[in-house]
Structure formats: structure tokens, C-alpha cells
Amino acid sequence: MAARTRLPLLFSKNLPPFKNQKLAHTEAAVKEPTYPPIVPSLTAKSKSARGRQVEDHVKKICASPVDEKLSLITRIQRKKFVVYPQTFARNADRWYQHFTKTAYIPGLPERFALDPEKRTGVEKEESSLPAGAQTTVPGVEIDAFADIRSLVTRMILQEHWHMKKRKPFLYREQEQMVGPFLRNLVTGLTYSLAKYNPLLPLSSLDIDPQVNFYWRRGQRIIPKGHRRGRQEPTRFQIDDQPHSQIRITQQLPQFTSLEASYAAEVPEVAFAPNLMPLFRRQYDNNIFTGAKLPDPACYGHTQFHLVPDRYHRDRMARQQQSDQVEVFLRANGLASLFAWTGAQAMYQGFWNHEDVTRPFVSQAVITDGQFFSFFCYQLNTVALSVETDANNPRKNLLWGTESLRLYESVQDGAVVGLNDDVVKLLVQFLVNQP
Amino acid sequence: MWRRLSTHGGAMASHLQARRHFAVSRCLTAKVPPERKPRERVEIPGLEMVTYGERMHYVPGLSKPVHPQWERDYKDPRHYRSPPAHEMPLYKEKPCYVYNQRTSALEGVRQALWLTKTKLICGLPPQLLSLAESPANQIPDQDERVQNAIKHARFWDTTEERPGKEKYSNTLLLNLLHLCATLQSSHPAIGRRILAEKYSLAATWKRGEDLFQIRGQNGLLQNCMDPLPEVSGKQEVGDTADHVLETFYPVSPTIDLQKVNVYKEMNCSGFRGDYPYPHAHTLYFLEGADPRCKLRPEQFRAKMFMFTFGNALVRAHNLYGPQRVLDRPVTVQAVGTNGRIFQFMVFQLNTTDLSGDDGIKNQVWLDEDVELYDFAKVRPLIKKKQVKVPAGLAGYKPETFSKFLALYLHGAV
């Protein structure tokens, strides 16, 4: 029987004829795999098949152009938490920091330092400076700064003194008194500073734009239903309407390097998001910077926000909630800027599985007419979902100030106590350029 | 065990249960019945009516008692009835005809010209046209940037497919203003201007024996620290004295104006006395600003014109006093748009003496129905399998924006 015959000994000698001859100058022939790689099935009813489907979907998204990427990511509607930037929840900034993986750094980056010693740059040399001399922002001459200061004064006076207005309607004071002032302020400052910042003449100024962002972070076990016991990612959506924003054609430079964010601390909140309180709804998932993809001004510069009418800091002080005053502003700045920078990153093709290669930077100013707070945000990572966050040391960074008073009051046609530092910060924010 | 029985279906239980109202079968679409007139009370002198007032209940046969009108002794703003017109403190016998922001004048611009004693000149004045053509007053990459501005307003401003008409006309105007204002680095006089919205205008003048007023919050106003230079010289101004105003008999010129007997004769520009920007530069009107009031193009032009005239008149009053021929005319400009079609207007007030029909008249240069672009479609228009209008922006006309820019830069060059 041929099958039971032992193999002849001669065969074994011939078998590895080239084994001992190591030819130094030729490379080993690349062995083409004879069979395709063994991968899990695509259509079976198993966890590995589901895993393969997810992988294929991810590869499909990575391979498509940006507008298709966005529509594939936001295609399926599911129940998601709607995050409101302006919220009265207590300690909302800690919750939002946890949702967006952001570390808060009090104060502003070194670029906006207000100390006279640290400032360098072009200043008109005045040999005899009187006491209480007017100092200015580097790059802006003293005369120009004085002009800007008087412009701000005139704008405050126009809304509060010169224009004949009725007493503002209940809960519409922000819209009727502060809104026009802020609009005039933004437009006036932008055009006055257009000669110091070459990005501003090419910028696009939106009044009352929309900013939306959709992302996933964390997961939970579904408690009830036919999918009970399985893991479900937690989805979030921000729908924001800033008062106005400036969008530019080039990106702002980063404040710190990506690696510097590894050491920052992000507060962890152990509770489920709905305890904040945060509520879930299902509707269109939107990712929007303020203009659609074809717009050339796709990067963000500065946003301006108005606080809602029901936010009264004196009422909060009476109820012994003075700390929540700043918490509200920080949460607002954080959520709005995260949504804006995230949407800018998505417009460039970065998403959950393709993390950003360069940081995205934007600024925001939140005001109620008298008090101004300044925020700077650097987006270092968009990879926030469970699969991608496991080994991601990067964190997003938020710098912010406390609220600073712009002026004390308006009396008899004059503005009392105009704070130069706030005007300087506004000028510095708008002059920020690569 | 004691059980509460309800005999006859609820005599006992009805006062314990909530009152249920099951009348769903009533007619829901009937007309409202007309008001019933109360029975006319006849007073016969000498005859005292016997009423059921003392008895405190209705008695058939006795008449209804008449009580004196009760007035609240404190002031409650939720229950305030305004007195009739002739008892108001500002009541005057002579009526006043008021033009407000929702007036739709029947004869349109002709009526406005008659009311304000103005001569119409079609087309913009030559200085502005030459300003538009001069290359020094142009924005770098002007065409491309204006087209981007139009596309942003018409296509890119929303998460939906296309923004609505009100939204895009507003955004387009703001984008174009933004483009013009970025020239501040080369034309520093632009920095001496400021925008004001929701200001209330009030202007009064006499025309013949009638009193006219303009009142209302109308549009976006651009104020300036310096006045606009005058557009036509003394010779042309003197020539307008020969012009005859066009009447439209038998229609009265006061048609469609609101006739009021309670009014205050005031001239107020909307700002207090020491405003640092006293001169009006340009007014910007949007057709879709008021959703309740849709004006046709002719009426919209009339509205633009009347409010421009009102602003000029108020400022002339403040500077020179009433009722005279001005030696330095006041010039105000206006731009109106519906998102695609623009109306440009330059108005020069030469005289505030408007009582008679003769004498020097005011002048207005009107450039009407100037299109900025032909079509801005999200989906192409296809008829019989042929593309008639492609998707995107089609038919852009650069001259319109040059005129807009010229009006903006007038006075700042």
C-alpha cells in the first residue's frame, strides 16, 4: 500500500538543499501568502463579526473625503445628551471638563500677560511719561490705543445715554441694551485693529451664528430593553448660539505644545451624566462651525457671548452662591469653545479615530455688558470615545480669567471708571495672529 | 357596612365627585352670535322708575337699577381703560397725517415726492459713479470676496439646506458692510462712524394746510461725526425752482397715511443732544425686516425715501431752525435690499420751507432695482432635461457692489 510506505531516506537528504548555503548578497524572496488573512466573518451573528463591521466602517470613514466623513459620522440618530453651554447646574464646569477631557488653567497664556516688565515690542518711546502713564499693547501705538479707548466710551454712552430708549422689557435687557453695544464694540474694534492684524480684513464676521458639535465619550451598560447588559457609548451634542464670532482663513498658533498637555489634570466625575442634570433627546446630529465646508474662512478666531437674562450675580451673591458665578462663565466658555474647535478640527478631516496632528486654538469673551471674562482654548485631541481614549495621554486646555469690570457706571453722559486692562485684553485678543 | 348608594344616577354623589362636562357634541364651527343691544332705557322726566335695587333680587315687572360708574380709587396697570380721544391731554382739533414704518403709500414714490416737495433724478449722481469706478477705492480681490459673501449668506449660513429669505437678506447686508468697513486701514475717516439700530425717528412739517409727521423705528442707521458733502451745486439747486411737482388728482396725497387727532409735534432724531455722531450718513433698509408688513417694491422705495427725508429734516431743524431755505444742504443716503435687488438713494434737503408748492425743491437721486446677482440656487433648474440655471451663484454683477461701496465711502475719501 502506497499510503503506508515510509518515505525513503534519500528524500530527506534532498529536502533542504539550500538550507545551509547562506547567500549574502540576495534578499530572501518575499513569500506571498498563498491564502488571504484569516479575519472574522462579516455577516455572522457574533461579537467578532460585529467588531469586524465596526473596523470596516472606520476604514471606510478614514478613506472618504471630508464632507462624506462628516455625513457618515453624523448619519445615524440615537438618543444623546444635549449639553447646553449656558446652564444653571451646580459645578457645571467640572462636569463639562470631564465630558470634554479639558484641564482648566486659571489666568491667560503668557502671550496675554498684562505685566509691563514682560512686554516687549514696538512702543513709542516717550521720554517724559507723566505719573500714571498710559501703557499699551505691544504692536499698537499709544495714540491708536487712546482712540480705541474713546471709541469704547462712545459706544457705551450711545446705548446707555444718548439713544432714547424705553425701559427694557422684562428679561429682555440683554437683547435690547447689551446686544447692540456688543455688536458695535466687536465691529468697531475689528475695523480699528484691522491694520495691526492682517487676518482681520480677510476675516468673516458672523452675527448670531450657530455652532454645533457631536461627540462620544465614555460608555454605560444598557439597563433595560432588548439590548440589556451590553455596552453603549454615551453621545453628546452641543448646540450653541454665540452673539457674534470672527472666523479667519488661517489657523491661530498654538499656546503650548501638545506634549505639555500630558501633565495636566482633568477632573473625573464618577456619576452618570444625567445626574448633572442633563437630558437625552434624539434629533439631527450636527457638526457646524458657523459656515458650511466650502467657506474659505474655516478657522476660528474669537467668539463673543452674552449671558442670559436670568443670570444675576447680585441675586446669586444674596443666595450665597457667589462661587457659582464664575462656574457658570467657565462652563459656558468651555462648552462653546470645545464645540467650535472640535467642529474646526472635523472640517479638516480629523475625527475620533484620526486624532489631530496640530492643536486648534480659539478665543472667547463672555460678557453681561459690564463684566467681561476672557477664555482661550487649545484643542489637542478629538479622540474621546472609549476605544481611542484608552491610551491617549493628550488633554485639551482651557485658560480663563475671572470676570473683570469694564466700567463702573454711566452718569450724566460720562462713563465712570473705565478699566484700561479690560480694553487692553480685548485689543490683545483681537490682534492675536500667527 | 354602610355603602353610599347613588340614587337616580348621581343626586347623592355629584357633590362629592368632580363636575364632569361631557358636552362634546356641540357645534364647534358656528358663527359668533351678534352682540345683543341692551334694551333702550327711556327716561320720562317727572316719572320715577321703581327698580328692584332695594329688594336685592330680580322682580319681574320692575326696572333694572342704574348704578353710578364705579372707579377704582387706586391705579391698577392691569385694568386701565384709556379715555376717549377728545379727553386726552394732547388732543388737537386739527388732524395730523402720520407716516409710520408700516405705511404702504398707494402712489409710492410719486406720493412721497409730492409730500416732501422733491425733484426726482433717475440714476446716481456723477460724483458717486466716478467714485465707484476709481481703482483706489476698491477692496483687494473684490469680486471673489463679494461672491464669497453672497454664497455665505445664501448657502453656507445654516445647517439646513438653505437659509430663509429674512435671514439671508440680513446676513448679506451685514457681510457687505463688513467688507466695506475693512477699508478702514486705508480710509481712516470710516472710523468716525457708528451704526445704530432700533432708534425712533420723529419729524414734523407743514404742507399746505396739513400737518405731516414721520414716526417709527425703521432700519439700520449709520451715523457720522462729519456731514456728507453736498451733491449738487447752487446752480442746480436754483434750477429746481422751475420744476413742477407731479400731482395725481383725484387721489389725495394724504391717502394711506394714518390720520390722528392726538399727537405731539416733535422733531427728534432718536438721540440726545450731545451725541458725538450727529450727522446721518446712510440708512439701510431690509424688505423682510417686519414679517407683518410686506411692501411692494414701489411702496418700499417710498418708505426708504420718507425716512431718509425725516432724518434729514430733523437734523436741519436742529442745525438751522424751522422753515427756511438752507444755504448748506443736508445730504443723507439710503440703501434698501431684499437679498438680491438693491435700491440706492441719495437725498439732498435744500429747504425746510415746505408749505407752498413753488420755490426751491429738494432733490433725490434714485437708482432702482439694481440686481447684485441673477440666481443663487441650491439645486439646478432643469427643464426638459436641459440645465437652464446651474446650481450655485449665477449672474454676478460687480457694478452693484461698486455702487454700494461708493455710497459707503462717500464723505470718507
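I will start with a pocket: α2(A) gives the most to the lining of the second largest pocket, with nine residues. Before going further, the model is predicted, so to speak plainly: local features need pLDDT of at least 70, side-chain atom pairs count only at pLDDT 80 or more, and totals for chains, interfaces and linings use all residues. Residues are numbered from 1 along each chain as its sequence is written, chains are lettered from A and ligands numbered from 1 in the order written, and side-chain values use heavy atoms, with hydrogens and water left out.

Back to that pocket. A pocket here is an open set of points on a 1 Å grid over the protein atoms alone, with protein on both sides within 12 Å along at least five of seven lines, and lining residues have an atom within 4 Å of a point. The second largest pocket holds about 1,600 Å³, where a volume is the space filled by probe spheres set on the points, joined across faces, edges and corners. Its lining has 38 residues, and R50(A), V54(A), R216(A), P233(A) and R235(A) lie nearest the centre. Besides α2 (47-63), the elements of chain A that give two or more residues to this lining are α3 (66-73), β4 (211-221), β5 (231-240) and α9 (386-389). Helices (H or I, at least four residues) and strands (E, at least two) are DSSP runs, numbered from the N terminus. By class, the lining of this pocket has 16 nonpolar, eight polar and 14 charged residues. Ala, Val, Leu, Ile, Met, Phe, Trp, Tyr, Cys and Pro count as nonpolar, Asp, Glu, Lys and Arg as charged, and the others, Gly among them, as polar.

A cavity is a set of grid points where a 1.4 Å probe fits but cannot get out. What lines the largest cavity? There are 22 residues, with T187(A), G188(A), Y191(A), A181(B) and L195(B) nearest its centre. Both chains take part: α5 (142-162), α6 (173-192) and β3 (204-207) of chain A, and α4 (165-181) and β3 (193-196) of chain B, each supply at least two residues. The largest share, six residues, comes from α6(A).

Now the interface. Contact, meaning heavy atoms within 4.5 Å, takes 33 residues from chain A and 34 residues from chain B. In chain A, H162(A), Y191(A) and K292(A) lose the most area to chain B, together 23% of what that side buries. The area buried between the chains is about 2,900 Å², with 54% from carbon and sulfur atoms; buried area is the accessible area (1.4 Å probe) that two parts lose on being put together, summed over both. The count between the chains is one salt bridge, that is, a side-chain nitrogen of Lys or Arg within 4 Å of a carboxyl oxygen of Asp or Glu. The side chains of R183(A) and E197(B) form it, at 3.3 Å, N to O. On the chain A side, α5, α6 and β3 give two or more residues, and α5(A) has the largest share, six residues.

Last, the backbone. M276(A) and P277(A) are joined by a cis peptide bond, omega about 15°, and P277(A) lies in the loop between β6 (244-248) and β7 (280-281) of chain A. In chain B, the bond from Y249(B) to P250(B) is cis, with omega near 5°.
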